[in-house]
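Look at the model first.

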Amino acid sequence: MSQSNNQNAARSSDPLNADQSSAARWLDPVFLRPHFEGKSILVAVTGGIAAYKACTIVSRLAQADAQVTVAMTPSATNFVTPTTFQALSGNPVYTSSWDHIESSDPQHIALADRCDAAIVAPCTMNTLANIVQGRTDDVVSLILSAINRKNTPVLLALAMNDTMWNQPSTGRNVAQAQDDGFTLVGPGEGWQACRHSGTGRMSEPESCIRAIAEALGAC
Ligand SMILES: Cc1cc2nc3c(=O)[nH]c(=O)nc-3n(C[C@H](O)[C@H](O)[C@H](O)COP(=O)(O)O)c2cc1C
């Protein structure tokens with residue numbers, strides 16, 4: 001066996017690499033299509049540095065023939081532009097509660113009614129607090145308020161600095177969100193954009209996509 005064949009054999013029996021390749025399947029549109037084809041998925045983006053990871057989530061879901069709608073808080077638009085998400089999703093992006101108003105069909109109700117699953121990615125400390133308090137003063141929290149979680153899963157991909165994550169208020173809000181039927185995704189541990197290392201990193205796009213597929217399958 002040549003040296004490179006030896007290395008390939010070693011890699012394929014390495015459990016870490018096996019885990020990585022099974023995680024990577026959740027970015028492969030061919031693998032994703034049976035889970036997502038024809039599904040209507042809301043990706044709600046809030047104002048965290050991890051907003052760039054939402055681009056991959058939207059792109060891969062769109063490539064898997066899901067109908068992807070993106071809603072953004074005003075803060076989120078400081079990190080990634082609506083134009084980027086419009087191009088990736090192929091659909092209009094919602095950044096305000098007051099756009100696209102149709103009197104017979106308020107946009108937030110129509111968007112909530114038609115989605116099969118929703119994910120807030122990243123979900124900031126602020127949006128987590130808004131959601132558990134029932135606030136509806138931006139388009140993301142407004143659409144989420146109109147989703148019936150008994151038949152439509154809503155996932156929160158939490159992302160924040162480790163000190164923010166360790167605040168008592170975050171702990172209370174996380175517990176309340178779980179009690180209220182939200183599905184939490186992450187956060188993970190490791191390097192953070194603020195040059196800290198700790199808990200608070202947003203889960204990787206493949207983990208988020210897998211979590212949506214599992215939540216859809218459980219409904
Ligand atoms: C550069 C920068 C990065 C930020 N990253 C995060 C973050 O990762 N998580 C978080 O909870 N807040 C973060 N914030 C703070 C939020 O943007 C701020 O709380 C904002 O009000 C959130 O609004 P939203 O939840 O409506 O999107 C960051 C702020 C700045 C200026």
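A residue counts as buried if 20 or more other C-beta atoms lie within 10 Å of its own. The model shown is predicted.

**Helix 5.** By that cut-off, Phe85, Leu88 and Ser89 are buried in helix 5, which spans residues 82–89. Viewed down the axis of helix 5, these buried residues fall within an arc of 85°, so they line one face of the helix. Residues three or four places apart in an α-helix point the same way, because there are 3.6 residues a turn. What do the buried residues of helix 5 pack against? Their partners are helix 4, strand 2 and strand 3. Just after helix 5, glycine 90 adopts a positive phi of about 75°.

Six strands form an open sheet in the order 3-2-1-4-5-6, and the pairing is parallel. Strand 3 and strand 6 are the edge strands, each pairing on one side only. Strand 5 pairs with strand 6 in the parallel sense over three bridges. In this region, leucine 155 stands opposite threonine 183 of strand 6.

Some of the elements named above have these ranges:

| Element | Residues |
|---|---|
| Helix 4 | 51–63 |
| Strand 2 | 67–72 |
| Strand 3 | 93–94 |
| Strand 5 | 154–158 |
| Strand 6 | 183–185 |

**The ligand shell.** The ligand is surrounded by 16 residues. The closest are Thr46, Gly47, Gly48, Thr73 and Thr124. By class, the shell has seven nonpolar, eight polar and one charged residues. Helix 7, residues 125–133, supplies the largest share of the shell, with three residues.

How values were computed: Residues are numbered from 1 along each chain as its sequence is written. This is a predicted model: local features need pLDDT of at least 70, side-chain atom pairs count only at pLDDT 80 or more; totals for chains, interfaces and linings use all residues. A residue is near a molecule or strand if its C-beta atom, placed from the backbone, lies within 6 Å of it. Helices (H or I, at least four residues) and strands (E, at least two) are DSSP runs, numbered from the N terminus. Ala, Val, Leu, Ile, Met, Phe, Trp, Tyr, Cys and Pro count as nonpolar, Asp, Glu, Lys and Arg as charged, and the others, Gly among them, as polar. A residue is buried if 20 or more other C-beta atoms lie within 10 Å of its own, exposed if 12 or fewer, and partly exposed in between; C-beta atoms are placed from the backbone. The arc is that of the directions from the helix axis to the C-beta atoms. Two residues are in contact if their C-beta atoms, placed from the backbone, lie within 7 Å. Two strands pair if DSSP finds at least two bridges between them.
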